[in-house]
Amino acid sequence: MQNSPMKDSEIITPLPSLIRRIGGNNAKQAKQLALESGCQLKRIRRSRNWQLVGELSALNGLLQDLKNLESEDFRYLTTKLEQGLAHYQDLLEPKAQRLSRILKDKPNATLAELIALTDCTMAEARQARFDAEI
């Protein structure tokens, strides 16, 4: 049974043994940073495992905040967050950049392939092809 319905846009990053890896005070600081970024850093029931929950843009913002701290204390959290966001990297990159990157890697890609890979419109794919030829 679920207590509350989960939004489709929320991403959950598991953080096993968080307190043991970064310490209690650092976990409190990370929890505060997560709240400021629009995420939730919370414990899973009564276990020692934690999870980070948030939307893609909020998690990406939190990752940048953690990197800006330049503290070794948050390396575990930063690494786990990078691994969790790696699956969603295509969504962080704008369509136009994604299209141009695909065309650089594979210049003979058809319009249908571009549309399938990026979920763009026919006009966007044609414009990207035109821009790549210039």
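1. A residue counts as buried when its relative accessible area is under 20%, as exposed when that area is over 50%, and as partly exposed in between, using a 1.4 Å probe and protein chains only. At 72% relative accessibility, Glu-70 therefore counts as exposed. Glu-70 is placed in the loop between α3 and α4. Its phi is positive, about 50°, although the residue is not a glycine.

2. The model is predicted, and local features need pLDDT of at least 70, side-chain atom pairs count only at pLDDT 80 or more, and totals for chains, interfaces and linings use all residues. Residues are numbered from 1 along each chain as its sequence is written, and side-chain values use heavy atoms, with hydrogens and water left out. Helices (H or I, at least four residues) and strands (E, at least two) are DSSP runs, numbered from the N terminus.

3. Arg-45 also deserves a remark on its backbone. This residue is not a glycine, yet it has a positive phi of about 45°. Arg-45 belongs to the loop between β2 (40-43) and β3. With a relative accessible area of 72%, Arg-45 is exposed.

4. The next point concerns the interior. A nonpolar core is a set of buried Ala, Val, Leu, Ile, Met, Phe, Trp, Tyr and Cys residues joined through side-chain atoms within 4.5 Å. The largest such core has 23 residues, and those with the most contacts inside it are Leu-18, Leu-41, Leu-52, Leu-62 and Leu-81. Two or more residues of this core come from each of β1 (10-15), α1 (18-22), α2 (24-37), β3 (50-55), α3 (56-69) and α4 (75-86). The most is given by α3, with six residues.

5. Contact means heavy atoms within 4.5 Å. Leaving aside neighbours within four places in sequence, Leu-18 is in contact with Gly-23, Leu-41, Arg-48, Trp-50, Tyr-76 and Leu-77.

6. Which residues does Leu-52 contact, leaving aside its neighbours within four places in sequence? They are Ile-11, Ile-12, Thr-13, Leu-15, Ala-34, Cys-39, Gln-40, Leu-41, Leu-59, Leu-62 and Leu-81. Leu-52 is found in strand β3 and, at 2% relative accessibility, counts as buried. The C-alpha atoms of Leu-52 and Ala-27 are separated by 12 Å, the two residues being 25 residues apart along the chain.

7. Gln-51 is likewise found in strand β3. At 18% relative accessibility, Gln-51 counts as buried. Not counting residues up to four places away in sequence, Gln-51 touches Ile-12, Thr-13, Pro-14, Leu-15, Gln-40, Leu-41, Lys-42 and Ile-44.

8. The remaining points concern helix packing. Two packed helices are described by the angle between their axes and the distance between the axes. Axes are lines fitted to C-alpha atoms, for helices over the stretch in contact, and angles run from 0 to 180 degrees between N-to-C directions. Angles under 35 degrees count as roughly parallel, over 145 as roughly antiparallel, 65 to 115 as roughly perpendicular and the rest as oblique. A crossing is left-handed if the near helix is turned anticlockwise from the far one by less than a right angle, and right-handed if clockwise.

9. Helix α6 (residues 95-105) and helix α7 (residues 111-118) have axes that come within 11 Å and cross at roughly 130°. The two helices are therefore oblique to each other, and the crossing of α6 and α7 is right-handed. Lys-95, Arg-98, Leu-99, Ile-102 and Leu-103 in α6 meet Leu-114, Leu-117 and Thr-118 in α7. By class, the contact of α6 with α7 has five nonpolar, one polar and two charged residues; Ala, Val, Leu, Ile, Met, Phe, Trp, Tyr, Cys and Pro count as nonpolar, Asp, Glu, Lys and Arg as charged, and the others, Gly among them, as polar.

10. Helix α7 packs against helix α8 (residues 122-133) at an angle of about 115°, with their axes 9 Å apart. That makes α7 roughly perpendicular to α8, and α7 passes α8 in a right-handed crossing. Leu-111, Leu-114 and Ile-115 of α7 make the contact with Met-122, Ala-125, Arg-126 and Arg-129 of α8. This contact of α7 with α8 has five nonpolar, no polar and two charged residues.

11. The axes of α6 and α8 come within 10 Å and cross at roughly 55°, which makes α6 oblique to α8. The contact joins Lys-95, Leu-99 and Leu-103 of α6 to Glu-124, Ala-128, Arg-129 and Ala-132 of α8.
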